[in-house]
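Subject: Structure handover and notes

Hello,

Here is the structure we talked about. Please have it open while you read the notes below it.

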Amino acid sequence: KEEYRNFVDGSLFSRVFKTYSVMHTNQTVDFVQQKHGQWTHCNHSQMGMMEAIMSLDQLVDESDPDVDFPNSFHAFQTAEGIRKEHPDKDWFQLVGLIHDVGKILALWDEPQWAVVGDTFPVGCKFQDSIVFRDSTFQDNPDEKNPKYKTEYGIYEPNCGLDKVLMSWGHDEYLYRVMKFNNCAIPEEGLYMIRFHSFYPWHSHGDYTHLCNDKDLQMLPWVKEFNKFDLYTKTTDLPNVDELRPYYQSLIDKYCPGVQQW
């Protein structure tokens, strides 16, 4: 397990560091608000969920130090890991399958630094647990804005993560798509989708001063999901053709038909 999330060295280090450097320079309050205006109306495309998943055959995540194969395989790896340990929770298995589908933004000409990688709040102090915190934020305009440099920044104590602007990426985008299309995944699953990349929160315990009671109740679910998101990444790739019929049945149950993206 210690080999995962190696942000110190390794064969993919330069690619990963470059992605985060550009991300941490450009993810600002203004940028995030602009992306909300651009993408959360879900008027860009129409497609079914399985089509969206399989489109990730074309994507290798440039922020991921662990894998160098298409994201679609990771979707089925995560889902199968959850299915093995939680056979009674089909919605949880589906979340494993679809959690990264928001990365489809990278196939629609969004740069990867605005799609992939760990997420963090904007509009308040950048905490030390953010990846490459010491070396990549020096050119971020919000780092120089006194309004955004305090512990709470533009937020109220315990305002709840729903009121916090997160750095823009695939987590928030897919969450908005799920809500827009009235998908029937329970709240625990929506939290997993929305915050699975928020490592400073679910893995380092930061930003709890912004959380309300609901966030803290959902945190164990996000932590449980993270085990499968992270530790199912292997080069032993699943047989997608064999697995598709089962997962299509889950899609038909929770996210049927064609979605607006």
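The notes below go from the overall layout to single sites.

This is a predicted model, in which local features need pLDDT of at least 70 and side-chain atom pairs count only at pLDDT 80 or more, while totals for chains, interfaces and linings use all residues. Residues are numbered from 1 along each chain as its sequence is written, and side-chain values use heavy atoms, with hydrogens and water left out.

Overall layout

The protein has 11 helices and 2 strands. Helices here are DSSP runs of H or I with at least four residues, strands are runs of E with at least two, and both are numbered from the N terminus. In that direction the order of elements is α-α-β-α-α-α-α-α-α-α-α-α-β. Of the 261 residues, 58% count as buried; buried means under 20% relative accessible area, exposed means over 50%, and partly exposed is in between (1.4 Å probe, protein chains only).

Core and helix packing

The largest nonpolar core holds 82 residues. Such a core is a set of buried Ala, Val, Leu, Ile, Met, Phe, Trp, Tyr and Cys residues joined through side-chain atoms within 4.5 Å. The members that touch the most other members are Ile53, Leu97, Ile98, Met178, Ile185 and Trp261. Beyond its neighbours within four places in sequence, Leu97 is in contact with Ile53, Ala75, Phe76, Ala79, Tyr247 and Ile251.

Helix α7 (residues 170-180) packs against helix α8 (residues 187-195) at an angle of about 145 degrees, and their axes are 6 Å apart. The axes are lines fitted to C-alpha atoms over the stretch in contact, and angles run from 0 to 180 degrees between N-to-C directions. On the α7 side the contact is made by Asp171, Glu172, Leu174, Tyr175, Arg176, Met178 and Lys179, and on the α8 side by Leu190, Ile193, Arg194 and Phe195. By class, this contact has 6 nonpolar, no polar and 5 charged residues. In this count Ala, Val, Leu, Ile, Met, Phe, Trp, Tyr, Cys and Pro are nonpolar, Asp, Glu, Lys and Arg are charged, and the others, Gly among them, are polar.

Annotated sites

UniProt, in an unreviewed entry, gives "binding site" for His74, His99, Asp100, His170, His196 and Asp229. The positions are in the numbering used here, feature names are shortened, and annotations may be inferred rather than shown by experiment. His99 lies in the loop between α5 and α6 and is buried, at 0% relative accessible area. Not counting residues up to four places away in sequence, His99 touches His74, Thr78, His170, Leu174, His196, Phe225 and Asp229. The side chain of His99 also makes a polar contact with that of Asp100, at 3.3 Å. A polar contact is a pair of N or O atoms within 3.5 Å; within protein, one must be able to donate a hydrogen and the other to accept it, and residues adjacent in sequence count only if both atoms are side-chain atoms. Asp100 is in the loop between α5 and α6 and is buried, at 6%.

The unreviewed UniProt entry also lists "binding site" for Arg5, Asp61, Glu62, Ser63, Lys103, Gly117, Asp118, His196 and Ser197. Ser197 sits in the loop between α8 and α9 (199-202) and is buried, with a relative accessible area of 6%. Leaving out residues up to four places away in sequence, Ser197 touches Gly117, Asp118, Thr119, His170, Asp171 and His202.

Thr119 lies in the loop between α5 (90-98) and α6 (133-136) and is buried, with a relative accessible area of 6%. A polar atom of its side chain is 3.4 Å from the backbone nitrogen of Phe198.

Strand β1

Gly48 is in strand β1 (residues 46-48) and is buried, at 16% relative accessible area. Gly48 and Gly257 are 209 residues apart along the chain, yet their C-alpha atoms are separated by 5.9 Å. Apart from residues up to four places away in sequence, Gly48 touches Gly257, Val258 and Gln259.

Regards

Conventions
Contact = heavy atoms within 4.5 Å.
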